[in-house]
Amino acid sequence: MQDARTIMVAPNGARLQPSHHPSVPVTSEQLIHCLHECAEAGATMAHIHARDTQGAHSLDPALNQTLYQQVMDAVGDRMVIQLTTEAVGRYSPQQQMALIRAVKPEAASFALRELVPDHQPAHQAVKDFFAWTVEARIYSQFILYHPQELARYYALREQDILPSQGHHLLFVAGRDRTPPRGTPEDIVAMYQARHLDDTVPWSVCAFGQRELSCLTTAALLGGDMRIGFENNTFDVHGRAAPNNAYQITQLRNTLEKLGYCTKPVQALRQTMTQSF
């Protein structure tokens, strides 16, 4: 499927609350309803965060296991479900890794700066953990924020700390600006920092109201896209988007005008299987 692109949705994130936007899904029922709408709109992968009874982001293994199973039972035939390990300044690398060992999701995301901070050497535990994710066939996503982090990712692969198979990359545009704001130039910079012979799939998400421009740039360069309220709650015109599915529809319409189709979930799972 040469002209197909994967759309992933990140519908709530770790911090967004209904007080910020009334359509932010917080409960499992709200999240499942949202994901059904997103699947109808064209998303075939979902990045999910568990929330506790107070609506706060949680890496509690039992809570995440329950949510993950509920979501898989409800929409797993329509979407790949990716579980986050975001630390939000509260959780240690050990807790992040323990979550994935406990739940064993089909896909999981990891911020490289959290698991292997720049000022610290990579521990044997990290190497052993990612070797285990390959054995367990957990499709990992390494989240990278700058070209320098991409260079570190390559170095860790060369050192055999990170695996060379069973994963893909997410380039994040604009997270470290105040306020967070991504630009297409951010995407080009990350793309140009890739090794020319690298075949690892990559995707993009972007903070701020230029999200759609950033994602379109990624599609033109051969990447996939993550969209949703975790990064931006506005539409292409700068108005509050009514929901996550609306954002996906805007993106899908843009892709179709450029001659791209959206990759179906069966093809995405085949890509995941072939990566191991």
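How does Arg 113 count at 30% relative accessibility: buried, exposed or partly exposed? Arg 113 counts as partly exposed (buried means under 20% relative accessible area, exposed over 50%, partly exposed in between, with a 1.4 Å probe and protein chains only). This is a predicted model, in which local features need pLDDT of at least 70, side-chain atom pairs count only at pLDDT 80 or more, and totals for chains, interfaces and linings use all residues. Residues are numbered from 1 along each chain as its sequence is written, and side-chain values use heavy atoms, leaving out hydrogens and water.

**The barrel**
- Eight strands form a closed barrel, β2-β3-β4-β5-β6-β7-β8-β9, with parallel pairing (strands pair if DSSP finds at least two bridges between them; strands are DSSP runs of E, at least two residues, and helices of H or I, at least four, numbered from the N terminus).
- From one strand to the next, the twist averages 25° (axes are lines fitted to C-alpha atoms, for helices over the stretch in contact, and angles run from 0 to 180 degrees between N-to-C directions).
- Helix α9 (residues 244–257) packs on the sheet and touches β2 and β9 (contact means heavy atoms within 4.5 Å).

**Salt bridges**
- The structure holds 11 salt bridges (a side-chain nitrogen of Lys or Arg within 4 Å of a carboxyl oxygen of Asp or Glu).
- One of them pairs Arg 113 with Glu 149 at 3.0 Å, N to O, linking helices α4 and α6.
- Glu 149 counts as buried, at 8% relative accessibility.
- Within helix α9, Glu 256 and Arg 252 lie four residues apart, and their closest N and O atoms are 3.4 Å apart.
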